[in-house]
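Please walk through the structure below, one region at a time.

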Amino acid sequence: MTDVPETPLDRALRLAEGDVADGRVIDALLNARLCLLLKEEPGPDGALSPLMLELEAGPTALAFDDEARLAAFGGGEHYAEVPGRALIGMLTGRGLNLAVNPGVAPSEMFHGVEALDWMAQVSAAEARDAEGRISALSAPRGAGQALISALDAKLAALGAWLAEAWLVRAQTPEGARLALALVERESEAPAAGRALAAAAEARRRAVVLAISESARLAAPESEVEIFFAPAAAPVIAAARRAGLGFEIPAPEAPAVPGAGPGMDPARPPKLR
């Protein structure tokens, strides 16, 4: 084992008592930035050639959540940093497995073809913005601790963009269900121009998708509607009265969710 401080993946697996299929572990894996071991340098077009181990379970790619762990494994000089979500998407549909931190960390794990396919489906599921679909807000009855903890962790990571979040129970066209009301953090940039408006909409979609993904993994049986509203809107006032609020710290160095390499669906990393 390497002398590396506990990583989010280590912590998730510890809390899950070693269950690699636990939603907290899958969420941490999808959001991790992994060092993918390559057999050669990336191509001119950015295409990646993962180094494969031929195991009894089939060809297996190797990834590590820390460079020191990659080095401890004895990895070669070629590797690429790839978001976990993007890596899962790369490997899915190719009959490949994934080994994470093999032999070098408490978060050593193996995911076979079927597990990767399932993770890709969870990650790619469409997230719906529920604005205009909700009414009659009340206390969030039916919200389990697993869901609340997952939302708390994900919302804390989105502090660059969110100022408030309130979990409520709301009436929708499909019936009563849980809903999350979000208030965006005010930006210092001028709120004008078509490009800025498009960027803001893309950011909201990325935020909704990130939260929806964590909610589905933590509580598959509880569908959560997500919507944005201005801080002064009556619906936010109602959510403050009836809902469960989350503390969202403002980060020192904001980062656009989904803006890292491989996170833009229009420009995913390519597998050779």
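**A walk through the model**

Leaving aside its neighbours within four places in sequence, S214 is in contact with D27, A150 and K154, where contact means heavy atoms within 4.5 Å. S214 sits in helix α7 (residues 194-218); helices (H or I, at least four residues) and strands (E, at least two) are DSSP runs numbered from the N terminus. At 2% relative accessibility, S214 counts as buried, the classes being buried under 20% relative accessible area, exposed over 50% and partly exposed in between, with a 1.4 Å probe and protein chains only.

This is a predicted model, in which local features need pLDDT of at least 70 and side-chain atom pairs count only at pLDDT 80 or more, while totals for chains, interfaces and linings use all residues. Residues are numbered from 1 along each chain as its sequence is written, and side-chain values use heavy atoms, with hydrogens and water left out.

Next comes a helix pair. The axes of helix α2 (residues 23-31) and helix α4 (residues 84-91) come within 5 Å and cross at roughly 90°. That makes α2 roughly perpendicular to α4. Axes here are lines fitted to C-alpha atoms, for helices over the stretch in contact, with angles from 0 to 180 degrees between N-to-C directions; under 35 degrees counts as roughly parallel, over 145 as roughly antiparallel, 65 to 115 as roughly perpendicular, and the rest as oblique. On the α2 side L29, L30 and N31 take part, and they meet G84, R85 and I88 of α4.

How enclosed is α4 by the rest of the structure? Seven of its eight residues are buried, so α4 is largely enclosed. The buried residues are G84, R85, A86, L87, I88, M90 and L91. After α4 comes G93, with a positive phi near 80°.

A nonpolar core is a set of buried Ala, Val, Leu, Ile, Met, Phe, Trp, Tyr and Cys residues joined through side-chain atoms within 4.5 Å. The largest has 32 residues, and L36, V82, L87, I88 and L98 have the most contacts inside it. Two or more residues each come from α1, α2, β1 (33-37), β3 (58-64), β4 (79-83), α4, β5 and α5 (113-124). Not counting residues up to four places away in sequence, L36 touches residues including L48, L62, V82, L87 and M90. Apart from this core lies another, of 22 residues, among them A143, L147, I226 and F246.

Strand β9 (residues 175-184) has eight of its 10 residues buried, so it is largely enclosed by the rest of the structure. Strand β8 (residues 162-172) pairs with β9 in the antiparallel sense over 10 bridges; two strands pair if DSSP finds at least two bridges between them. A hairpin of two residues joins β8 to β9, and E164 stands opposite V183 in β9. Strand β10 (residues 224-228) runs parallel to β9, with five bridges joining them. There L178 stands opposite V224 in β10.

Two loop residues remain. E17 is not a glycine, yet has a positive phi of about 55°; E17 lies between α1 (8-15) and α2. N101, also not a glycine, has a positive phi of about 50° and is found in the loop between β5 (97-100) and β6 (109-111). Which of the two is buried and which exposed? E17 is exposed, with a relative accessible area of 73%, whereas N101 is buried, at 0%.
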